[in-house]
Amino acid sequence: MQTTTFEPLRWSEQPARVAIQHTNGRQEAYFQITSPRDLQRMCLGRPVEELPRITSLLSPSHHLVSAMALDNLVGVQPPQLAVNMRSGLLLSLCIAHHLRKLYFFISSHEDPFLEFHMRGTRRQEDRIPHHLVNELVQSLDLAQEAATILGGRAHHPLSAVAGGVGRALKEPYYERLTEIAEKSLAFAVKLAPVFAEKELGNGRTHDGLLDLPVKPTLHLSLSEDGSQVVVSDAEEKDVERFQPNQVFEKVHLHREPWTHEPFAYLADRGWKSREPESSDSLYFVGPLSRVISGKGMAGEPAEQARVQLIENPDEAPLFSVNGALRSLLVEVIGTAEKMVELYKQENLVGPSYRTVPSHMGTTGSATLESPGGLIAHRYEVDERGLVRKIEILDIAAENNALRCFIAKRAVEESAVRNFSHKQTKSMIEASLLPF
Amino acid sequence: MPKTKLAIFTATGCRGCEDAVLDIHHFVNSLTPWAEIVFWPYVAGHHWQDLEDHDQIDLCLFAGAICTDADRQAAETLRDKAKLMVACGACAAFGGLPGLVNLTSNRQEESMPGITEGDPPPLPRTEPRVRGLSGVVETDYFIPGCPPTQNLLWTAIQALACGGEAPARISYAYARLPESTSLAVTSGVLPRHGSTFGGERAVCAGCSRMKQEKKFSTVYRQHEIAPDPGRCLLEQGVICQGLATREGCGGLCTAVGAACRGCFGKAEGIYDAGTKMVSAISSTFDTTDRKEAERMTDRFVDLAGTLYRYTVPEQCVLLSADPKE
């Protein structure tokens, strides 16, 4: 048996590799997360109020869902100002998350750190204009500035606490946030058509690999008001709805000895295999799921982009790497529209930013649509408020069967096209990027 | 003049440190006259084989904690290649949040159940204890923080990658770095081996909150109090580690009402940050009554996990030594 390994994988947030085992003319690809996150061990015995800061290690959105779980644990409703500030933080995180992925995708064609005149191998007219790439980075900076204003820090925010947020905003920030929202929307509307044409249009995809159809086609998202988790099929029919606090009963995790990341699946349907083609318990989460469900669109430009994504028959299949990248563009517009609505002074002032709880409960849970997809936390504490049990469903990361499937298809396709080791690695990385 | 060959790598971590380098995007591009990024798998997609093209690299920014034997091997490989090895971020510098697992019983290899047929590729072995970079290889410099603040990161990169030629490093070096380090940086020579690109004093020195009278009359946990936004958190009874933590962040956490948890590591001259905190707090108890003092100390929970939040593997005196040593 011979093993080919692609490691380290570019743009992967966790240490990961793809190992291909060749046996008797057959090859099997394994997408492996090679280091444990060990978050449970980090959190057990910690004071529960510290979890929003510790769990932000997973991603900034975990800070927010953790604070929401604390609200539930201590039995308080945060004041409207705190709710708005937390929502505002989530919007800025979403823009930063998506723009970073789009920037990474652009940089897959050329070394972003070479001097300008040495960059790239593509013809000038095929590229996104350099000034637009610069604007993208500036727009990313602006989103992070908004996250810093609202969350204290962009990467590991710390403003959300049990019952609200840690402080109110200072006056100069109202105007600045409004400015950031308007600039973000203007840029998003400008970027989407150029990116779609230059990076994703006909002949611009990675030798057609981005049109690779991917399964599964079931998808999970939170309803607009956050009161239900909706399971939909490819035709947009609701297959099931359930309460967010049931998510740990409805979604189970299957573990394999060759990867540290578990495989999330719908418990009612049972674990069948990690092959989406033969398993109906696997699903999508994240931008593509939200966009095709019509969520996240506040205004006309985003809705137009969404309809165009879904209805345009000339484009790549909807459930594809290409479709996932396009959904990032649509969501950037939709999120920027929401920012314009929310980042107004009247939404960012209020008599109180925090409700101080009077008692500590025993269990608390919360669910949130993070930029990458649905995430959920559930805590159980002892009489001193120390964490006794913690469950975290990071469905975006634990949607592992999908990632394994994409890596496998990229490997198969590369073999058919006789790609080199380096080209195959690039194909795997580009295919995994938008998910 | 040959360009400085730069490598950037994260072992087990959240990529926050690498994102922090990316966040100085325009500046990083301005490094081009001095430095060439020859190994940055996360952003530029380099392979391990790409390192073999270089007999030596000049500077390696290593982020993340050492949690598996693959992390250890990566640290050793990069140490062999790099003239200067820099621990970038709290995980590499002190073990960081992943180091909290060292407070639980020894990590054992978990046998995970599975139904995969055949002979799937094995995973790297999990290390018995999480370590910082300096726990496994010699480390030349430290850039603390979770993640490091952009100004410090940029100053360090310029100081180490550009020699004496990048002028933009100077103002920040004068303002924040310890005197010996700032003198070296502004003179265009390498700082003393083992230097930390952080402040010289404690976080309290840069915190905007007013300190009046350090008297500890009660202990509040974060969720139990909406602290006065202008007054020292510790004086209000919230355990804030600013007085034992190295300055350099400008009091980011305390500015948003959150207590310092020590991601810059212990301040200069402190032997053990946790001991320093316990000593400082207990010496300012606003009571001489033993029962009252006991009532207050009973309110402290999870001292090890709080006072060594980011530093268990490398800076907690009682726990940092390898059990075999």
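This is a predicted model: local features need pLDDT of at least 70, side-chain atom pairs count only at pLDDT 80 or more; totals for chains, interfaces and linings use all residues.
Residues are numbered from 1 along each chain as its sequence is written, and chains are lettered from A and ligands numbered from 1 in the order in which they are written.

Chain A contains 13 helices and 13 strands, taken as DSSP runs numbered from the N terminus (helices, H or I, at least four residues; strands, E, at least two). Its C-alpha atoms fill a box of roughly 65 × 45 × 40 Å along the principal axes. The radius of gyration of chain A is 22 Å, which agrees with the value near 22 Å for a compact globule of 435 residues; this radius is taken over C-alpha atoms, and the globule rule is 2.2 Å times the number of residues to the power 0.38. Of the 435 residues of chain A, 57% are buried, that is, 20 or more other C-beta atoms, placed from the backbone, lie within 10 Å of the residue's own. Contacts are assigned where C-beta atoms, placed from the backbone, lie within 7 Å. Among the contacts of chain A with a separation of 6 or more, 69% involve residues 24 or more positions apart.

In chain B, 15 helices and 7 strands are present. Buried residues account for 54% of its 325 residues, and 71% of the contacts between residues at least 6 apart in sequence join residues at least 24 apart.

Within chain A, three strands form an open antiparallel sheet in the order β1-β2-β3, where pairing requires at least two DSSP bridges between two strands. β1 (2-6) and β3 of chain A are the edge strands, each pairing on one side only, and the twist from one strand to the next averages 20 degrees. Antiparallel β2(A) and β3(A) are joined by 8 bridges; Val18(A) has Phe31(A) in β3(A) as its bridge partner. Helix α12 (residues 400-416) of chain A packs on the sheet, touching β2 and β3, with its direction at about 140 degrees to that of β3(A). Axes are lines fitted to C-alpha atoms, for helices over the stretch in contact, with angles from 0 to 180 degrees between N-to-C directions.

The contact between the chains takes 56 residues from chain A and 54 residues from chain B. Elements giving two or more residues to the chain A side include β2 (16-23), α3 (60-74) and α13 (421-432), while β3(A) gives the most, with 3 residues.

How values were computed:
Two residues are in contact if their C-beta atoms, placed from the backbone, lie within 7 Å. A residue is buried if 20 or more other C-beta atoms lie within 10 Å of its own, exposed if 12 or fewer, and partly exposed in between; C-beta atoms are placed from the backbone.
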